[in-house]
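Subject: Structure handover and what turned up in it

Hi,

Here is the structure I promised to pass on.

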Amino acid sequence: MSDRIPLGEIRNHIGKRVKVQGFVDTIRDSRAMLFIVLKDITGKVQITLEKEQKPEAAAAMEGVTGDSVITVSGVVAENSYVKMGGIEILPEEIRVESIADPLPIARKEIPATKKKKAVERSGIDQRIDYRWIDLRTDENQFMFQVQTAFVNAMRQYLLNENFVEIHTPKLIGAASESGADVFEVKYFDRNAYLAQSPQFYKQMAMAAGLERIFEVGPVFRAEKSFTSRHTTEFTGFDLEFSYIDSFHDVMKLEENLLKAGLECIQDKYGEQIEEMFGIPVRVPGTPFPVISLKTLYEELEKDFGYTVDESEKGDLTTEAERLSFEWVKKHYDHEFLFVTDFDASKRAFYHMRDENGVPQGYDLIWRGVEITTGAQREHRHEILKRQAEEKGLAEDVKFYLEFFKYGCPPHGGFGLGVDRLTMLLLGLTIKEAMFIFRGPGRLNP
Ligand code: 4AD
Ligand code: MG
């Protein structure tokens, strides 16, 4: 075991000699003194070096640049002059582990000084080229703590509700949503596809009698979209459960799940999110507001004069999605909106339809962006087969249709985009919210 002390715990070691390690956040050099701010994942601390007293440590620091990695052994001291929490480390020994070249990106705007002009922040695409350097900022590192807590709270919620976690294949023999937008890959002497969602296997789990399952895993979409919320590979939080009466049971589960997630986030990180990202975390009241697509278009026209061509009204346009946030704030003082009654031509073949052919599902919009599509599924083999045929998919999904021939409970579920959740929670774009973004033009790093 290393005897390294995390910087966040340094306060518990006042007066003691400690070993700390991290990145050099800043260095300020004056004639007699060297002030180094050291950063690790838990926090930052000032290292105060008197050069004459510690010539060896001073020599070691010669030429050390920002973002270099060093090991410092020294005594933790209280000093009310130190801005960073009134604590400093007086080093006895410094070892340089790795020297950083001058950084190829500016993670943040560097304000002008008397000697130097201001440096503009690099664009997000340039920053992604060097994402590991960009990820060293406090905000980016915090983002992953928040995402971890959010997903964990939701996972915990489902475990308490007796869901089990499954892991389904991502290499599959057929397109899992529709023929479009699927990545084809070489699979020995034939072709395979990258899963566009765990949809078929979630449903296989229902046919297997598992009753309540979820999965958090990669989802692939061959979409040539260049928007602030589309990526070709994202993390899906998907679930499916049996013996529902209607898709309203699915919506109910989802609102409780999100409420549990946001409660945890507000509790643990609410203040810090507001401080760092300027956005309050709101725990949503339940039930969430629900509106049919047709009524929503009528309301948007009434409130905002928004009109679309009749041919577009079977689905939500991006602009209607955005405006729906204004609408739901105004009428319900809420951030979430369930939209129901889409046109069957715009929905997946596996959604159950009512006697009028209306898909029994919904989209959930948070802060004006779709985060989920959910539905009751068609579990009756003959009807499902007919719906697949109608969309020209019957051949492709032959293996999937078999799942419904030997007994299958009524069931439903949804897919929630984790990257979109993080992005909306912190007010970011998807490129900023992902560990590393994947898009039509981006396979590296
Ligand atoms: O709406 P989607 O395509 O629905 C399905 O995958 C269904 N199998 C879900 C179901 O159980 N009925 O995808 C689900 C969610 C979206 O609502 C969105 O949050 C996210 O996945 N998503 C994307 N996120 C980032 N980039 C993309 N290109 C995304 N496509 C979908
Ligand atoms: Mg959708």
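Predicted model: local features only at pLDDT ≥ 70, side-chain atom pairs only at ≥ 80, totals over all residues.

Let me start with the lining of the largest pocket: its residues divide into 13 nonpolar, 15 polar and 17 charged.

Residues are numbered from 1 along each chain as its sequence is written, chains are lettered from A and ligands numbered from 1 in the order in which they are written, and side-chain values use heavy atoms, with hydrogens and water left out.

The largest pocket has a volume of about 1,200 Å³. A pocket here is an open set of points on a 1 Å grid over the protein atoms alone, where a 1.4 Å probe fits, with protein on both sides within 12 Å along at least five of seven lines; lining residues have an atom within 4 Å of a point. Grid points are joined across faces, edges and corners, and the volume is the space filled by probe spheres set on them.

Of the 45 lining residues, Arg221, Glu223, Arg347, Glu370 and Thr373 lie nearest the centre of the largest pocket. Elements that each supply at least two lining residues include α8 (318-332) and β15 (369-376). Helices (H or I, at least four residues) and strands (E, at least two) are DSSP runs, numbered from the N terminus.

The second largest pocket holds about 770 Å³ of space. It is lined by 29 residues, with Asp25, Thr26, Asp67, Leu103 and Arg107 closest to its centre. Two or more residues each come from β1 (17-29), β2 (33-40) and α4 (138-160), and β1 gives the most, with six. By class, this lining has eleven nonpolar, six polar and twelve charged residues.

**The magnesium ion**

Which residues coordinate the magnesium ion (ligand 2)? They are Glu370, through OE, and Thr373, through OG1, at 2.1 to 2.4 Å. Donors are N, O and S atoms within 2.8 Å of the metal (3.2 Å for Na, K and Ca), and water is not among the atoms, so the site may look incomplete. Glu370 is partly exposed, with a relative accessible area of 24%, and Thr373 is partly exposed too, at 27%. Buried means under 20% relative accessible area, exposed over 50%, and partly exposed in between (1.4 Å probe, protein chains only).

**A covered strand**

Strand β13 (residues 336-340) has five of its five residues buried. Phe336, Phe338 and Thr340 point one way, and Leu337 and Val339 the other. Strand β12 (residues 290-292) pairs with β13 in the parallel sense over three bridges, with Val290 opposite Phe338. Strand β14 (residues 361-366) runs antiparallel to β13 and is joined to it by five bridges; there, Val339 has Asp363 as its bridge partner. Two strands pair if DSSP finds at least two bridges between them.

**One buried arginine**

Arg127 is found in helix α2 (residues 124-129) and counts as buried, at 5% relative accessibility. Its side chain reaches the backbone oxygen of Ser122 at 2.9 Å.

Happy browsing!

How values were computed. Nonpolar A, V, L, I, M, F, W, Y, C, P; charged D, E, K, R; others polar. Polar contact = N/O pair within 3.5 Å; in protein donor to acceptor, adjacent residues only side chain to side chain.
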